[in-house]
Amino acid sequence: MAGAATSGAVLNGLTSSFLCGGKRTQSLLGAKVGAASASAATPKKFIVAAAAAPKKSWVPGVRGGGNLIDPEWLDGSLPGDYGFDPLGLGKDPAFLKWYREAELIHGRWAMTAVVGIFVGQAWSGIPWFEAGAEPSAIAPFSFGSLLGTQLLLMGWVESKRWVDFFNPDSQSVEWATPWSRTAENFSNATGDQGYPGGKFFDPLGLAGTIKDGVYIPDRDKLERLKLAEIKHARIAMLAMLIFYFEAGQGKTPLGALGL
């Protein structure tokens with residue numbers, strides 16, 4: 001309290017007409033001193049602006065490079081987006097969304113195929129590219145009948161997925177038996193295209209929980225799983241490409257590994 005009184009007396013003395021030489025100078029000096037004292041009394045606030053996370057690049061050691069290294073139409077919002085689009089396929093946002101959907105679906109099939117190729121050959125000893133026509137197989141098919149069956153079944157499934165892509169949730173209807181509850185099981189429980197979740201597509205609850213029969217997605221887990229899935233999907237697609245080259249030479253993945 002004594003220090004505050006002393007400071008007030010000093011300030012009043014500095015602004016007196018005797019020391020200032022006039023009312024005009026007194027008023028100006030008083031305003032400056034008052035502003036200085038108010039500024040000193042008011043605690044300073046520091047505003048820290050969080051810097052935006054830098055975009056990840058598929059060539060981390062190269063800076064710049066234009067659209068080959070850092071395309072402007074890829075902003076890093078997609079899971080696994082590292083700016084790789086040398087052909088510029090994603091310049092149109094609508095096409096970018098479709099290509100991501102295609103990459104996701106092909107990657108899932110590739111992951112399933114890689115596991116099936118290894119397990120199938122290890123169990124039966126039959127090369128994966130001859131399994132369908134093997135007479136001792138559980139269900140032997142010729143190449144023509146196998147291709148026709150695949151086109152029929154996959155054509156039906158893919159056509160429904162195509163319609164749902166352009167008209168979301170339009171396929172969540174009771175298109176099967178009344179007791180199968182297809183509208184409930186096949187509906188999109190996360191709201192994200194390509195990631196339906198729910199009790200049917202996430203029965204282990206890896207990306208959500210089920211409370212009172214309702215699936216509640218966990219956004220943090222879902223984002224981490226999206227990134228992990230697209231990384232594994234890309235590796236699986238590269239693996240299938242290698243398998244195709246090996247099959248052209250009459251080799252199998254297990255044979256190439258010496259197993």
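I started with Arg-161, which is buried at a relative accessible area of 19% (buried means under 20%, exposed over 50%, partly exposed in between, with a 1.4 Å probe and protein chains only). I was looking at a predicted model, where local features need pLDDT of at least 70 and side-chain atom pairs pLDDT 80 or more, while totals for chains, interfaces and linings use all residues. Residues are numbered from 1 along each chain as its sequence is written, and side-chain values use heavy atoms, without hydrogens and water.

Next I looked up the neighbours of Arg-161. I found Arg-161 in helix 5 (residues 143-166); helices are DSSP runs of H or I, at least four residues, numbered from the N terminus. Leaving out residues up to four places away in sequence, Arg-161 touches Trp-98, Glu-101 and Ile-105 (contact means heavy atoms within 4.5 Å).

Then I turned to Arg-108, in helix 4 (residues 93-124). The unreviewed UniProt entry annotates Arg-108 as "binding site"; such annotations may be inferred rather than shown by experiment. I noted Arg-108 as partly exposed, because its relative accessibility is 25%.

I also checked Tyr-195, and was pleased to see two charges there. Arg-108 lies over its face, 5.5 Å from the ring centre, and the charged end of Lys-226 sits over the Tyr-195 ring at 4.8 Å from the centre. For this, NZ of Lys or CZ of Arg must be within 6 Å of the ring centre and within 35 degrees of the ring normal.

Last, I looked at Phe-243 and Phe-118: Phe-243 is buried, with a relative accessible area of 7%, whereas Phe-118 is partly exposed at 27%.

Notes:
Helices (H or I, at least four residues) and strands (E, at least two) are DSSP runs, numbered from the N terminus.
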